[in-house]
Structure formats: C-alpha cells, structure tokens
Amino acid sequence: RLQHVSNGFEWVQSLTFLNVASLTGQRSRGVEAMHIKQVIIRGFKTYKDQVSLAEDFHPGVNVVVGFNGSGKSNFFNAILFVISDHFGTLRAETRKALLHEGTGPAVLTAFVEIVFDNSDRRMPIDKDEVRIRRSVGVKKDDYSLEGKHATKAEVFNLLESCGFTKTSPYYIVQQGKVAELTLMSDRRRLELIKEISGASVYDERKAESEKILDEMRTRRQKTDDVIDSIAQRIHNLEEEQRELVEYQTLERQRRCVEYELTDREWRGAQEKIDALELEKQDAAVQLHERQRNASNVRARISDMESEIQQLSTRRDGLAAERAEMEQTRVARSSELTRARLEYDDARKHAADEERARVVAEADSKRIQEEIREVEQKIQEQQATLAEQLTIRRDLVQRKQVREVERDQLLAKQGRKSQYSSIQERNAALTEEIRRREQMMEKHQKMLQECEEGITREEEKAVSSKQTVETTRADIKKLESGLGESTPALSRINAKLEEVAERRRLLVQDRERLVREREDAERQITQCQNRVDS
C-alpha cells in the first residue's frame, strides 16, 4: 500500500510506502511478500538524469522525506505512471508535459522502471524480480516487461493478477483521502466499503448479466424468426428438390432422345461425308486429268507460239521477198512497158520512116521553105518573147505580194476572236508561218519551174534550129539508110519476144508468191484462233 501524506510543516513533506504481502499483512511461510524493490527514473518531470535508490525498498514501511520542490510528488507520480490507470490515455501535450523541461539539451524520451520482488511468485512469472518499464516521448507511449515489448493490456492483466485492480484503486492512498474518508456520510462510506471489499463488482456484473440476458432474449426472438424463415425455406427447397428430381428425369429422357436424334443425324452426315469423299476423289482424278490436259494445252500453246513466231518470221521473210519480187515485177513491168514502147516506137518509126521516105522528097522543098519562114519568125519573136517574160515575172511577183498582204489583213481581222489564249495564238501563228514558208517555197518552185520553162522554150527555139538542120541531115540519112532498117527491125522483134517471155515468168512467180502468202496468212489465223480458244 502506497500512501502520500504531509507532516503539517510547510518546508518538509514525507512519502510513506507500506509494502505488505496481503491485506492481512502476513507473510507466507517465511518468504518475503511481493513489494516494490527498486524505482529507476530518467527524464520524467524533474528527473533529467537517471535516478535509482542506493538501497532497495524495505518490505515494510518506507518513508521519503525532503524539502518542498525536492521531487517527492514527482517520485510518487512516477510510481503511479507505471502501475496506475491515472495516466491511462495521454495526448501529445500531456506526454510533452511529462518530459523534463530545463536548461541544456531537450529531453526527447523518458522512462520509469519499477522492480518488484517476486520471491513469493505472486506474479505468474518464474523469476524473483520482475521489471516493468513505461517509456514516453512526444510521439510514443510504450510498455516493456522484463526488457521485452508488451502491450498495456498485458501489463495491467499481470498487475490485476497480483491485486492491482482498476475496480479497487485504494491500494494507492493519495494525500487527503484519509481525511475525506472520515468526513464521508454513512451511505457514501458503505459504497466505499463495497468498492473496497469488491461487492460492487458483483452488482455491476449482475447489471451486465441482466443486460446480456435481455440481449439474449432479443437474439433468441430473432433466432426463432430466422428458424421459422429457414423452415419455410426448407419447405420451399423440398418442393424445388422434388421439381428438380422430375426435371432431372425429364432431362435424362430429353438427352436420350437428343442422343438418338444426334446419332441418326451423325450417321446420315457420315454417309454424306463418305459420298462426298468419293465425289472428292473423283473430282481429284478429274482435276489431275484436267491439270494434265492443261499442261498439254500449255505445251501445245508454247509450241504454237513458237510455230507462230516461226511463221511470223517466215511471213516477214515472205513479205520482204514479196516486196522484193514486187519491186522486181514493177521494174520488169517497166522494162516490158518500155520495151513495148520502144517496139511501138520502132514500128512507128519504121512506118514513119517509110512514109517519110515517100513524102520526104515531096516535103523537102516545103520544109526548106518552112525553115526559112521559121527562122524569120524566130528572129522576129525573140525580142517580143524576152519582153513578155519580163512582164510576166513582174506580174507574178506583184500577185504574190498582194496575196500575202490580203492574207495578213484577213488574219488580223479575225485573229482576236479566233484564239482563246496566247499559247493557242502563238501555235496558230507558228503553223501559219510554216504554211506561208511552204507556200513561199511552192511559189519559188513555181517561179523556178517558170524560169526553167522559159529556159526550155529558149532551148526549144535553139533545138528547133538544130532540128531543122538535123532534119535536113536526116533526110539525107533516110535516103541512104532506108535499106539498112530491115536488120534493126528483126533485132527489135527478137527483143520484144524475149521481154514477153520474161513477163510471163514474172507473172507466174507473182501468182506463186501470192498463193504462199495466202496459205501463210490462213495458217496464222488458224493458230491465232486455236490460241484464243
């Protein structure tokens, strides 16, 4: 029992410890009763450094005496801090107030450790000493038991097993409690005695039991309701189970029917699959046959393409030969025509010579007169011809200039509305320039031809004189060479026969080449049709 009392002096107080083994104050069989043996404090309120007693507490009465402010109350509070619920739940401000506040470095943690003598094994721990420590800081509040971390509930359960119960807090008598007890009323003193004796605990337990009994009645009523609902549910489940059994029976029958139908369908499908498999095999055989035919057709197409290529080459050769033969035929036809013309000219010449020989003598005098007349006319008309040619050249040039000016005026009048853009106008002007250049070249060519015509006329005039002279000589030659014309005619007839034979051979070659070309074209058409099909 721990008692905190004052001796009545202002400057001295005393703290009395009464360690007893039991409420009767007896010891058991010579073994010391459980008591506080040692108190170790550090950082708690006025105790900055670690403080411990030089000697252990006596199992009996212990008195601590000191001046005011020496720390007796803080020493008492330190013991309460560990074994009492007076410092149960601490806020951060309260924990900070418990730490030592003074000069020097701030104290962050504090602890109070109480060593109990457990020689009588009152605490259910197999040790002679039991150490209980409580550490406090700004953010922590921990308990430890025998150097191991322990919860507050574990520590207070251990203390309650030794008699330190929360329901009877009178194992610690604070200052003024004795005087308060003497001044209490009888009713309050009876309640206090009940609390001390523990009778109030039973009243509290009785109230709690009645409360629990009421709760159990309510829970029983709820349980009965739940049981009734469960029974109804069980009845419904039995009905559902019966329906389920019927459903399972019908389901088995349905599955049997479905199995039978499925089996029949499967057999029918299997037969169809077998038939389709046979059709597939036949189709595969036909496919292979078609593939072989396609390969053969491709090979034949390839052969035909090569044959077509050869025929095309041959056709090109035949076309070249035909063109060459055509050229030969044209040349030979020209030669034949020329030979015929020569032959006709020769016959005509011979006839003319014959007639000329007849009339030559008659016309000789007339020709001589005409020659004289022609010479006179030529001499008269040479000056006029030169003058007319000059006038004609001037007129042609003036005509060309006027035509050019007329075309330019017409082009300027319709040029603006004729073209939609500058590019189109430039293209048209370029085409017009090219056309004008062609026209100019054509006119120059015509002018050149006129000049050549004039030159030819002049040459004809000169040749007319020569003809007159040669005619006079020819008359004499005809007279002398009339007897020599018969062998020349024979040579011309032989040449004509030779040319006719060559013409016949050329016609035959031409007909043969035409037939070969038609045959080649027909073969090419057939091959092309075969390739297309």
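Mentor: Let us begin with a term that we shall need throughout: a residue is called buried when its relative accessible area is under 20%, exposed when that area is over 50%, and partly exposed in between. Please keep in mind as well that this is a predicted model. As a case in this structure, E289 has a relative accessible area of 36%, and is therefore partly exposed.

Trainee: What share of the residues of the chain counts as buried?

Mentor: Of the 533 residues of the chain, 22% count as buried. The accessible surface of the chain comes to about 39,400 Å², and carbon and sulfur atoms account for 51% of that area.

Trainee: How many helices and strands are there in the chain?

Mentor: The chain has eight helices and ten strands. If you look at contacts between residues at least 6 apart in sequence, 65% of them join residues at least 24 apart.

Trainee: Which elements give two or more residues to the largest nonpolar core, and which residues have the most contacts inside it?

Mentor: A nonpolar core is a set of buried nonpolar residues joined through side-chain atoms within 4.5 Å. Here the largest one has 38 residues, and those with the most contacts inside it are F81, I83, M123 and I132. Two or more residues are given to this core by each of strand 3 (35-42), helix 1 (72-83), strand 6 (109-117), strand 7 (129-137), strand 8 (141-145) and helix 3 (152-160). Helix 1 provides the largest share, eight residues.

Trainee: With which residues is I132 in contact, leaving aside its neighbours within four places in sequence?

Mentor: With those neighbours left aside, the contacts of I132 include V82, V112, I114, F116 and M123, and also S144, L145, V155 and L159.

Trainee: Now I would like to follow the strands. How many bridges join strand 6 to strand 7, and how do these strands run?

Mentor: The general idea is that in a regular strand the side chains alternate between the two faces of the sheet. In this structure, strand 6 and strand 7 run antiparallel and are joined by nine bridges, with V115 standing opposite R131 in strand 7. Strand 7 is also joined to strand 8, again antiparallel, by five bridges, and there S135 has D142 in strand 8 as its bridge partner. A hairpin of three residues connects strand 7 to strand 8.

Trainee: Is strand 3 largely enclosed or open, and which strands does it join?

Mentor: Seven of the eight residues of strand 3 are buried, so this strand is largely enclosed by the rest of the structure. Strand 3 runs antiparallel to strand 6, to which seven bridges join it, and V39 stands opposite I114 in strand 6. Two bridges join strand 3 to strand 4 (residues 51-52), also in an antiparallel manner, and the bridge partner of I40 in strand 4 is S52.

Trainee: Let us turn to charged side chains. How many salt bridges does a search of the whole structure find?

Mentor: The search finds 18 salt bridges, where the term stands for a side-chain nitrogen of Lys or Arg within 4 Å of a carboxyl oxygen of Asp or Glu. One of them links E246 with R242, whose closest N and O atoms are 3.3 Å apart. These two residues are four residues apart in helix 6 (residues 199-418), which means that about one helical turn separates them.

Trainee: What are the closest N and O atoms' distances for R292 with E289 and for E251 with R255?

Mentor: For R292 and E289 the distance is 2.1 Å, and these residues are three residues apart in helix 6, about one helical turn. For E251 and R255 the distance is 3.5 Å, and both lie in helix 6, four residues apart. E251 counts as buried because its relative accessibility is 13%, whereas R255, at 56%, counts as exposed. A network of salt bridges links E251, R254, R255 and E258.

Trainee: Which residues form a nonpolar patch on the surface?

Mentor: The patch is formed by V61, V63 and V65, which together have about 270 Å² of accessible area. V65 belongs to strand 5 (residues 61-67), and with a relative accessible area of 57% V65 is exposed.

Definitions and conventions: Residues are numbered from 1 along each chain as its sequence is written. This is a predicted model: local features need pLDDT of at least 70, side-chain atom pairs count only at pLDDT 80 or more; totals for chains, interfaces and linings use all residues. Side-chain values use heavy atoms; hydrogens and water are left out. Buried means under 20% relative accessible area, exposed over 50%, partly exposed in between (1.4 Å probe, protein chains only). Contact means heavy atoms within 4.5 Å. Accessible areas come from the Shrake-Rupley method with a 1.4 Å probe; for residues, only the protein chains shown count as cover. Patches are made of residues with over 30% relative accessible area and no salt bridge: like charges are joined within 9 Å, nonpolar side chains (Val, Leu, Ile, Met, Phe, Trp, Tyr) within 5 Å. Two strands pair if DSSP finds at least two bridges between them.
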